[in-house]
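Visitor: Could you take me through a close look at one part of this model, residue by residue, with the cut-offs behind each term?

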Amino acid sequence: MFERHSKEITVAPSFPIGPDTLPATTHNYLLRSAESLSEAVAAGDVATRYACAHVAALRAAAALLSARARPAGPRRRAQKNAWVLLAEVAPEMGEWATFFAAGAAKRAAAEAGSTRAVSEREADDLVRDADRFLALVEQSLGLAPHAAISVQVLGRAAG
């Protein structure tokens with residue numbers, strides 16, 4: 001027979017995360033990610049385009065984390081950035097996490113107003129990469145991916 005103790009262990013429900021069970025914060029981050037992508041495409045200057053694209057990727061990562069990550073418990077652990085957490089929570093996104101983490105310093109320089117932080121090519125490439133990443137996050141959450149940004153649209157916005 002089992003005795004009841006004053007401390008009961010609670011087990012999180014084991015149901016799959018799907019489009020119908022996603023937290024509202026996940027949907028909010030996805031929406032904000034798409035908005036940041038739109039801002040990147042519309043940006044007239046290279047630094048803003050790069051920064052907005054990087055923020056779009058960061059918000060897509062936050063969406064995935066809000067859907068999959070669970071609190072570790074009462075033990076105090078070292079702070080980790082979103083890219084480190086993403087690689088832990090979604091190992092299939094590890095290469096993306098490494099890629100976007102490597103661009104964080106450039107984003108910070110671009111946000112600080114550096115006109116030499118990134119080239120036009122780097123900014124355009126990052127917009128396309130953030131767009132692909134958002135689509136992968138949406139798919140991994142069981143959602144239909146957004147309409148991808150076309151190369152022509154990006155070219156018109158930049159030129």
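Guide: Glutamate 122 is partly exposed, with a relative accessible area of 28%; here buried means under 20% relative accessible area, exposed over 50%, and partly exposed in between, with a 1.4 Å probe and protein chains only. This is a predicted model, in which local features need pLDDT of at least 70 and side-chain atom pairs count only at pLDDT 80 or more, while totals for chains, interfaces and linings use all residues. Residues are numbered from 1 along each chain as its sequence is written, and side-chain values use heavy atoms, with hydrogens and water left out.

The side chain of glutamate 122 meets that of lysine 106 in a salt bridge, at 2.3 Å from N to O; the term requires a side-chain nitrogen of Lys or Arg within 4 Å of a carboxyl oxygen of Asp or Glu. This pair links distant parts of the chain, since lysine 106 sits in helix α5 (residues 104-111) and glutamate 122 in helix α6, 16 residues apart. Lysine 106 also counts as partly exposed, at 32% relative accessibility. Helices are DSSP runs of H or I with at least four residues, strands are runs of E with at least two, and both are numbered from the N terminus.

Alanine 123 is buried, with a relative accessible area of 0%, and, leaving aside residues up to four places away in sequence, touches Val46, Arg49 and Tyr50, where contact means heavy atoms within 4.5 Å.

Aspartate 125 is partly exposed, with a relative accessible area of 25%, and arginine 128 is partly exposed at 23%. A network of salt bridges links Arg121, Asp125 and Arg128, and the structure holds 8 salt bridges.

Aspartate 131, in helix α6, is buried yet has no salt bridge, and the nearest side chain of opposite charge, arginine 132, is 7.0 Å away; Lys and Arg count as positive and Asp and Glu as negative, with His and the chain ends not counted. Beyond residues up to four places away in sequence, aspartate 131 touches Leu37, His146, Ala147, Ala148 and Ile149. Glutamate 138, likewise found in helix α6, is buried without a salt bridge, and for this residue the nearest side chain of opposite charge, again arginine 132, is 12 Å away. With the same exclusion of residues up to four places away in sequence, glutamate 138 touches Leu30, Leu143, Ala144, Pro145 and His146.

Finally, helix α6 has a neighbour in helix α4 (residues 94-102), and the two pack at an angle of about 145°, with their axes 12 Å apart; axes are lines fitted to C-alpha atoms, for helices over the stretch in contact, and angles run from 0 to 180 degrees between N-to-C directions. In this packing, Trp96, Phe99 and Phe100 of α4 meet Leu126, Asp129, Ala130, Arg132, Phe133 and Leu136 of α6. The protein as a whole has 7 helices and 0 strands, and buried residues make up 35% of its 159 residues.
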